[in-house]
Amino acid sequence: MTKGYFLISIILIIFIVSACGPGNPPSSINPSYQLTILVDPSEGGIVLPESGEVSEGDEVVISASPNEGWLFLSWHGDHAGSLNPDTLKVNSDLEISALFVKREYPLIISIEGEGSVSEEIMQSKPTEYSHGTTVELTAKPSVGWNFSQWSGQVSGEENPKQIVINGETEITAHFQKRFYSLTVEVEGNGSVDKILQTGNESNDAYEFESIIELAASSDVGWRFSGWEGDLEGDQNPVTISIDSDKTVRAVFEHSDFAGGSGTVSDPFRISTIEHLQNIDDEQYLTKHFIQTDNLKANSTTNWNQGRGFKPIGSRESPFSGTYDGGGFEITGLSINREDEENVGLFGSVENGTIKNTGLRSANIFGDEIVGGLVANNNGEVIRSYVFGSISGEEQVGGIAGRNNGEISESYASVEIKGEEEVGGLVGSNHSDISGSYSEGSISADDERIGGLVGYNSGRISNSYSHSEVRGDDKVGGLVGENRSNGMIEFSYSSGRVRGDDQVGGLIGTNRGNIKGSYWDREGSGRRNAIGRGRPIGVIGLRTSEMKGSSARNNMPEFDWDEIWRSTSDYPILRWQDR
């Protein structure tokens, strides 16, 4: 039994070996493997083929299709890479994940106007959001601005505004300037004009940052005092910038004048002699004035217990504003202050201006430094004149007693009485006199007496005098004494000159310079130009040589084209024809 079983086993083995030889291969057996396909995240898309069994050695094409708003990123697991579709050969169980990510879109926000937009969701890429992200936009206007609307891929006025990002999104936030009210109140009697300089106006409201000019105008008998409320000061007109609701009050007070506010553009208006006297109040000495009518001043004879009009400004508190006489006259002014210094319509002027002012029938009496228009002048006198009677002791003149400023295109026709440094236009001059003249009579008992200027250490040019002059010592038809730093040029004199010592047709005593000047030998009664000193630069002429058309030939130093003009009488200044 054992031997038989062994034999059978040997025979069976031989048979099997023979069957497996080269000529007789065994039957193929192909195992299968599990292919697992995953989607990460599940809502990201679809992957083909689906999970299942795959025979060993088969090639499989895997393909990922993202859903809307998603992107295929890469394969993970037992297969890597980002090729899509991709081919792989199966030789084992495989688990493969298709990785999807949401699309990221830029959110572009533009601003029109002034403001900002905040976004509730802020990620690592601050201007891009994943597909389907909800973003809340909040428009924040800058100061003075309002949000008005959205435009672009979003519209409407809703604020905050929620949007869903499904693609590249462009939005504009629109801001508009706010409008604010400007309320102008008036206290007293007057009005205010509102003039829009920049910006826009709507229904009595003004756009943010608008500039408004406010111009206050007082009624007769009132004056503008200043601004209160959201605007302070007394500047008029003035501008205000609109950045909120504002209330401004214009304050008007009973005025010492006929109107105006005392500024350059809105000067106080003088229409009575009382208004003129009110200028002497210290609060007005720096202000600006304009005369608007002829003033009758006869009543001043009885003012101040007979002392008359009180001079405007003093040495301690000089006038430094502007007085424009407007071409009108002041008639009958009376000042009787024989024991006072600095006597005149204006007692003292420091850096101020008097122009276009005329006095007629003036009677002015003082002690030292006496002038018809200005006693002591450190400012400007322009195109002004005085007719009347002036009296004083020392430094007495028709326009100014003492001049340290500038006098131009002015004249005096006066009767003057004094003692020392007395002149038809200026008693004592230390600055510039140009284009001016004097006429009338000058009578003094002492020295430095001149038809135009008594004592000169300044510059006199293109001026003349027809005044009759009588004095004691240093008496001249134009200037009593011309100091070493004095200059006289292109000027002449014609009036009679009388005196006891150092008497000249043009200058009594000369230590300074003279250029291109003349005197009437016959009219003055003086054959010598200079009483004492150098006569260089002056020529004496007969009356006939100085009158009429012959003057142009006999006085060649004069500028006949621009400054001087010949007449049937003596030459005059061209401005006198205006």
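1. Two strands pair if DSSP finds at least two bridges between them. Strands are DSSP runs of E, at least two residues long, numbered from the N terminus. The model is predicted: local features need pLDDT of at least 70, side-chain atom pairs count only at pLDDT 80 or more, and totals for chains, interfaces and linings use all residues. Residues are numbered from 1 along each chain as its sequence is written.

2. β42 (residues 447-450) pairs with β47 (residues 473-476) in the parallel sense, over three bridges. Glu447 has Asp473 of β47 as its bridge partner. β47 is also joined by three bridges to β52 (residues 501-504), again in parallel. Here Gly476 is bridged to Gly504 in β52.

3. An open sheet of four strands runs in the order β10-β8-β14-β12, with mixed pairing. β10 (128-130) and β12 (145-152) are the edge strands; each has a single partner, so one side of each lacks a neighbour in the sheet. The twist from one strand to the next averages 30°, taken between N-to-C directions of lines fitted to C-alpha atoms, on a scale from 0 to 180 degrees.

4. Within this sheet, β8 (residues 104-112) and β14 (residues 169-177) run parallel and share six bridges. Ser110 stands opposite Thr172 of β14.

5. The largest pocket has a volume of about 270 Å³. A pocket is an open set of points on a 1 Å grid over the protein atoms alone, where a 1.4 Å probe fits, with protein on both sides within 12 Å along at least five of seven lines. The volume is the space filled by probe spheres set on the points, which are joined across faces, edges and corners.

6. Fifteen residues line the largest pocket; Arg383, Ser384, Tyr385, Tyr411 and Trp575 lie nearest its centre. Lining residues have an atom within 4 Å of a point. The lining comprises five nonpolar, seven polar and three charged residues. Asp, Glu, Lys and Arg count as charged; Ala, Val, Leu, Ile, Met, Phe, Trp, Tyr, Cys and Pro as nonpolar; the others, Gly among them, as polar.

Terms used:
Heavy atoms only, no water.
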